[in-house]
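Student: I have a structure to look at and some terms to sort out. Can we go through what the terms rest on?

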Amino acid sequence: MASSKFAYYILFLFLSSILFALQVSSTSRHVLNNHKGFKVSLKHVDSGGNFTKFERLQRAMARGKSRLQRLSLVANFATLSSKDETNDVKSTIHAGNGEFLMQISIGSPSESYNAIMDTGSDLTWTQCKPCKECFDQSTPIFDPSKSSTFEKISCSNKLCEALPMSSCGNNNCEYMYTYGDYSSSEGFLASETFTFGKVSIPNVAFGCGNDNEGSGFSQGAGLVGLGRGPLSLVSQLHLSRFSYCLTSINEDAYSKSSTLLMGSMARDDYNNIITTPLVKNPTQPSFYYLSLKGISVGDTQLAIKKSTFSLNKDGSGGMIIDSGTTITYLEESAFSLLKKEFSSQVNLPVDDSSSTGLDLCFKLPSNTNNIEVPKLIFHFEGADMDLPAENYMIADSRMGIACLAMGSSTGMSIFGNVQQQNMMVIHDLDKETLSFVPTQCDKL
């Protein structure tokens, strides 16, 4: 009898070990699948419109100036909060808006939406039924009641604690995101299956917004946050890298798709790669800050003070790289030096009457877009970025002008997406570096 019990015990241990092995194998496959990465096509918000190059630039700059104001508000709010030791309220103003849309699918069965890709914020959100107030969007509003994989996130969840502004109602984690132009999204945190291309990922935390106001998001049905904070998509998926490649503002390439690569799809084994460290700002942990040491125009390095682009102890200043801001904005003293030196090296008359909204334009000779311009090099820490001319000069023979695609700002500087066009921009979150690789982005 004892030997029989012993045999059963041995059999139990054997079967248990098989079951445990199967569970470990299944879990390993799940983790491995999550690290295969995925590719998503990006579409510029104006790609379907019949606009000239300068009309597209002007429309994008109008949005970019609004975004610059929001980003400045974010930084200023964080700076004031850091100086007030009694104030433990996190910044409740966010960048929002953006220039590139990515198609995502939400739920089971899945419904497709176009959402704004934003490297300047963390929370991914979409409009949800039932709406107290929702803005118009081109696709039906997401209905959680029709999805079998939708779940609300409780107030005790760590992701709820990561929200900059939240409250608890009926054990629902409620959020409110406000933006500098009085746009806002209010709702509750939930988890759902998100599909990117052919890759479905369960249990992605997102904001289910049922009270959304303002005109800041009319291009899409919500936003996908790719910032550095714990709520962002890249943080939730524990991805070590992501990259994007943005097509040119020129007519031929503008209608073609840009590309976002996530996880292992974001390669870093290029021969012509340049790499610079990412800098952390404790008061603004979501932004991707860079260390810009100087700027050269032609053979002349500008006499910019070393502290001009430095990140200050209170969190002010510094330079971020941003996919949602169109042109580069430099701290005003640096831009003044750049503008003066650039003008002296371009053998064309300055056009002070230009209505483009850009600070420095030149009159073109008749019927030509071909002009000689000085080199423009950004000296990042460990990486000298020699920009192609089309990444900083925008010319239009019909208008008879060529303009420098940069502007001035106070405090924070921003490296914009025109300067990033036809570059593979690789964010390595493990190594905390950012890399650039010249790439023909419309050929990917």
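Tutor: Start with one cut-off: a residue is called buried when its relative accessible area is under 20%. Keep in mind that this is a predicted model.

Student: Which residues is asparagine 210 in contact with, leaving aside neighbours within four places in sequence?

Tutor: Among them are Cys128, Pro130, Lys132, Glu186 and Phe188. Contact here means heavy atoms within 4.5 Å.

Student: What makes β20 and β24 a pair?

Tutor: Two strands pair if there are at least two bridges between them. β20 and β24 (residues 401–404) have 3 bridges, in the antiparallel sense, so by that definition they pair. Phenylalanine 362 stands opposite alanine 402 in β24.

Student: Why do β20 and β23 stand at the edges?

Tutor: The open sheet has 3 strands, in the order β20-β24-β23. β20 (361–363) and β23 (393–396) each have a single partner strand, so one side of each is left without a neighbour in the sheet. From one strand to the next, the twist averages 20°.

Student: Which helix packs on the sheet?

Tutor: Helix α6, residues 332–345, touches β20, β23 and β24. Its direction makes about 145° with that of β24.

Student: How many residues does the largest nonpolar core have?

Tutor: That core has 71 residues, and Met406 is one of those with the most contacts inside it. A second, separate core of 20 residues includes Met61 and Ala405.

Key:
Residues are numbered from 1 along each chain as its sequence is written. This is a predicted model: local features need pLDDT of at least 70, side-chain atom pairs count only at pLDDT 80 or more; totals for chains, interfaces and linings use all residues. Side-chain values use heavy atoms; hydrogens and water are left out. A nonpolar core is a set of buried Ala, Val, Leu, Ile, Met, Phe, Trp, Tyr and Cys residues joined through side-chain atoms within 4.5 Å. Buried means under 20% relative accessible area, exposed over 50%, partly exposed in between (1.4 Å probe, protein chains only). Helices (H or I, at least four residues) and strands (E, at least two) are DSSP runs, numbered from the N terminus. Axes are lines fitted to C-alpha atoms, for helices over the stretch in contact, and angles run from 0 to 180 degrees between N-to-C directions.
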